[in-house]
Amino acid sequence: APQAALPQQIDALLLTLYYPSGDVLAAESGGVKRQPDTQSQAREALTALLIDQRARSAAVLRDIQLRAFYLDSSGTAYVDLSSSQQVRASTQEELTAIYALVNTLTHNFEEIKQVCFLFEGKEAQILAGHIDMSVNFRQRTDLVKQ
């Protein structure tokens with residue numbers, strides 16, 4: 001089904017959102033509501049990404065919600081996720097889901113250098129069981145579809 005276009009509001013900020021697309025990431029422009037500061041703007045970008053059908057079609061992101069978001073002065077973004085169900089996915093699906101979030105943040109906000117994931121308010125060990133989530137993630141452009 002074709003994607004419904006986001007209404008172009010005057011107060012919308014055009015960002016590049018990354019979506020899992022097979023074994024790679026697809027980059028798409030999307031408008032999100034303009035916020036007063038980087039932390040709020042980054043939270044808005046993640047929220048827009050997670051409610052988008054293109055992200056929700058990825059098994060890993062289907063039931064994921066953003067609980068909290070915090071950006072510290074060193075450029076580390078803390079992304080606190082929650083899910084109503086056990087996440088089941090392949091290693092590649094998990095990888096593209098993680099980097100959809102990481103690349104959306106690091107590409108659009110120069111202040112964000114790396115991303116640290118939390119799950120239900122605690123340090124995340126694993127998301128779908130394959131990738132060590134206790135490390136900080138940096139942008140990966142090699143996963144983006146050319």
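**Reading the sheet and the aromatic pairs**

Modeller: Phe137 has a relative accessibility of 5%, so Phe137 counts as buried. The model is predicted.

Colleague: How many aromatic pairs does a search of the whole structure find?

Modeller: The search finds 3 aromatic pairs. Take Tyr70 and Tyr78 to begin with: their ring centres are 6.2 Å apart and the planes make an angle of 35 degrees, which is a tilted arrangement. The cut-offs explain the label, because stacked applies under 30 degrees and edge-to-face over 60.

Colleague: Are Tyr70 and Tyr78 buried, partly exposed or exposed?

Modeller: Tyr70 has a relative accessible area of 46% and is partly exposed. Tyr78, at 27%, also counts as partly exposed.

Colleague: Which residues do ring pairs link into a cluster?

Modeller: The cluster consists of Tyr99, Phe117 and Phe137. A charge is also found at Tyr99: the charged end of Arg140 sits over the ring, 5.3 Å from the ring centre.

Colleague: Turning to the sheet, what holds strands together in general?

Modeller: Strands of a sheet pair through backbone hydrogen bonds, and the pairing is either parallel or antiparallel. In this model, 4 strands make an open sheet, ordered β3-β4-β5-β6, with mixed pairing. At its edges stand β3 and β6; each has a single partner strand, so one side of each lacks a neighbour in the sheet.

Colleague: In what sense do β3 and β4 pair, and over how many bridges?

Modeller: Strand β3 (residues 64–71) pairs with strand β4 (residues 76–83) in the antiparallel sense, over 7 bridges. Together β3 and β4 form a hairpin, with 4 residues between them. In the turn, Gly75 has a positive phi of about 95 degrees.

Colleague: What is the pairing of β5 and β6?

Modeller: The sense is antiparallel, over 2 bridges. Phe119 stands opposite Lys122 in β6.

Colleague: Where is Glu120 found?

Modeller: Glu120 is in the loop between β5 and β6. Its phi is near 55 degrees, a positive value in a residue other than glycine. The relative accessible area of Glu120 is 34%, so Glu120 is partly exposed.

Colleague: Which strands do helix α1 and helix α3 lie across?

Modeller: Helix α1, residues 38–51, lies across β3 and β4 and runs at about 165 degrees to β3. Helix α3, residues 91–108, lies across β3, β4 and β5, at about 135 degrees to β5.

Colleague: What span should α3 have, given its number of residues?

Modeller: The 18 residues of α3, at 1.5 Å a residue, should span 26 Å. The expected span is 1.5 Å times one less than the number of residues. The end C-alpha atoms of α3 are 26 Å apart, which agrees.

Colleague: Is α3 mostly covered or mostly exposed?

Modeller: Mostly covered: 14 of the 18 residues in α3 are buried.

Methods: Residues are numbered from 1 along each chain as its sequence is written. This is a predicted model: local features need pLDDT of at least 70, side-chain atom pairs count only at pLDDT 80 or more; totals for chains, interfaces and linings use all residues. Side-chain values use heavy atoms; hydrogens and water are left out. Two strands pair if DSSP finds at least two bridges between them. Rings of Phe, Tyr and Trp (its six-membered ring) pair if their centres lie within 6.5 Å; planes under 30 degrees apart count as stacked, over 60 as edge-to-face and the rest as tilted. Buried means under 20% relative accessible area, exposed over 50%, partly exposed in between (1.4 Å probe, protein chains only). A charge sits over a ring if NZ of Lys or CZ of Arg is within 6 Å of the ring centre and within 35 degrees of the ring normal. Contact means heavy atoms within 4.5 Å. Axes are lines fitted to C-alpha atoms, for helices over the stretch in contact, and angles run from 0 to 180 degrees between N-to-C directions.
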